[in-house]
Amino acid sequence: MTLIHVPKPWQLPERIVTSEEAFLNRRRFMKTLIGAGIAGSVLPLVGCQQHVTDAEVPLQGTKRLNAAMNPAFAQVDRPVTNELLAATYNNFYEFGGNKNIWKNAQALPTEDWKIEVTGLVNHPRTYDLDDLVTKFPLEERVYRFRCVEAWAMVVPWLGFPMNALLKEVEPTSQAKFVRFTSYFDRNVTKGPTFPPSQFLPFPYHEGLRVDEMANELAFFAVGIYSHTLPKQHGAPIRAVVPWKYGFKGAKSIVKIEFIDTQPATFWNTLSPGEYKFESNVEPEVSHPRWSQKKERLIGSGRDFEWQEVPTTVYNGYGEYVAKLYS
Ligand code: MTE
């Protein structure tokens with residue numbers, strides 16, 4: 001496969017890629033958010049110039065990362081979500097129970113990050129982040145992203161396929177599942193006040209079957225929108241599993257463990273009836289609180305209103321993953 005080096009639209013200064021009309025629409029959109037009380041910390045940005053790159057605050061601490069686009073995943077059937085929206089509408093319960101946690105997440109200490117790969121593997125390893133990004137060639141991929149809460153985005157991730165790590169550490173034949181554990185330190189990650197975070201089963205942990213992890217779509221992201229991950233997106237490394245609901249993608253991973261039995265997971269432990277281990281995007285399988293038949297595209301359409309569209313099975317990735325479940 002040949003990777004291609006071309007400038008991506010989200011890398012160009014916004015005055016070049018954004019028409020006057022789109023810019024005005026964004027300002028109206030921000031006002032709507034603020035009116036609805038969901039923009040919170042976006043407020044100071046409303047008076048700013050139109051450059052996304054001027055939105056230093058939610059993107060603080062990130063560095064430009066150069067990687068070629070994988071042509072098989074260069075685009076989807078929807079536009080890429082505005083970066084500022086993606087960076088200010090997050091789920092990261094270690095830092096609070098609402099979408100507006102980006103400011104709290106800046107407390108995440110990402111220096112000298114280590115990731116332990118352990119359990120049923122022939123070559124257990126502890127990597128630091130530089131090891132990972134030099135050992136595994138980085139590439140960019142545009143994926144649909146679908147949360148179980150029925151909102152959806154389109155995100156350009158930057159990272160490497162999980163399969164590359166599998167080849168390196170070689171799970172043994174007993175390894176059937178993998179468990180991802182996120183960073184946790186109660187003094188740093190204060191969590192939501194409601195429900196009180198001491199009742200949440202931190203550290204956040206998620207899992208996959210090893211054959212799901214080997215699927216070509218399963219990805220470790222170290223970047224987004226052509227730079228390193230902002231902390232609120234799960235810096236410095238997170239899982240991305242685009243045919244499953246977003247909660248399967250553990251953020252800020254510190255441990256990857258190969259095991260022979262299905263691991264407990266954060267949300268399943270909290271509410272087993274609502275969050276199954278498999279959790280593929282399936283319009284016909286209703287969540288008790290969110291019908292999954294439709295999804296709302298965040299920041300789409302004129303004036304960036306939330307457009308409602310039918311949900312696609314496996315989030316549109318059936319050609320890659322249906323075989324895993326036949
Ligand atoms: N990882 C950790 N460690 N903690 C979390 O609360 N939330 C999950 C997932 N990974 C979560 C997490 C959920 S519910 C979603 S929808 C996605 O992260 C959101 O990713 P984003 O904020 O980068 O869009």
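How do the residues of the shell around the ligand divide into nonpolar, polar and charged? Seven are nonpolar, six polar and three charged. Here Ala, Val, Leu, Ile, Met, Phe, Trp, Tyr, Cys and Pro count as nonpolar, Asp, Glu, Lys and Arg as charged, and the others, Gly among them, as polar.

Before we go further, this is a predicted model, in which local features need pLDDT of at least 70 and side-chain atom pairs count only at pLDDT 80 or more, while totals for chains, interfaces and linings use all residues. Residues are numbered from 1 along each chain as its sequence is written, and side-chain values use heavy atoms, with hydrogens and water left out.

Let's look at the chain. Eight helices and 13 strands are found in it; these are DSSP runs (helices H or I, at least four residues; strands E, at least two). Of its 326 residues, 54% are buried, meaning under 20% relative accessible area with a 1.4 Å probe, protein chains only.

Now back to the ligand. Around it are 16 residues, and Y93, E94, H233, R238 and K251 come nearest; a residue counts if one of its heavy atoms lies within 4 Å. The table lists polar contacts, pairs of N or O atoms within 3.5 Å.

| Residue atom (N or O) | Ligand atom | Distance |
|---|---|---|
| N91, backbone | oxygen | 3.3 Å |
| E94, side chain | nitrogen | 2.8 Å |
| K251, side chain | oxygen | 2.7 Å |

Taken alone, the ligand exposes 530 Å², and the protein buries 98% of that; such areas come from the Shrake-Rupley method with a 1.4 Å probe.

Notes: Buried means under 20% relative accessible area, exposed over 50%, partly exposed in between (1.4 Å probe, protein chains only). A polar contact is a pair of N or O atoms within 3.5 Å; within protein, one must be able to donate a hydrogen and the other to accept it, and residues adjacent in sequence count only if both atoms are side-chain atoms.
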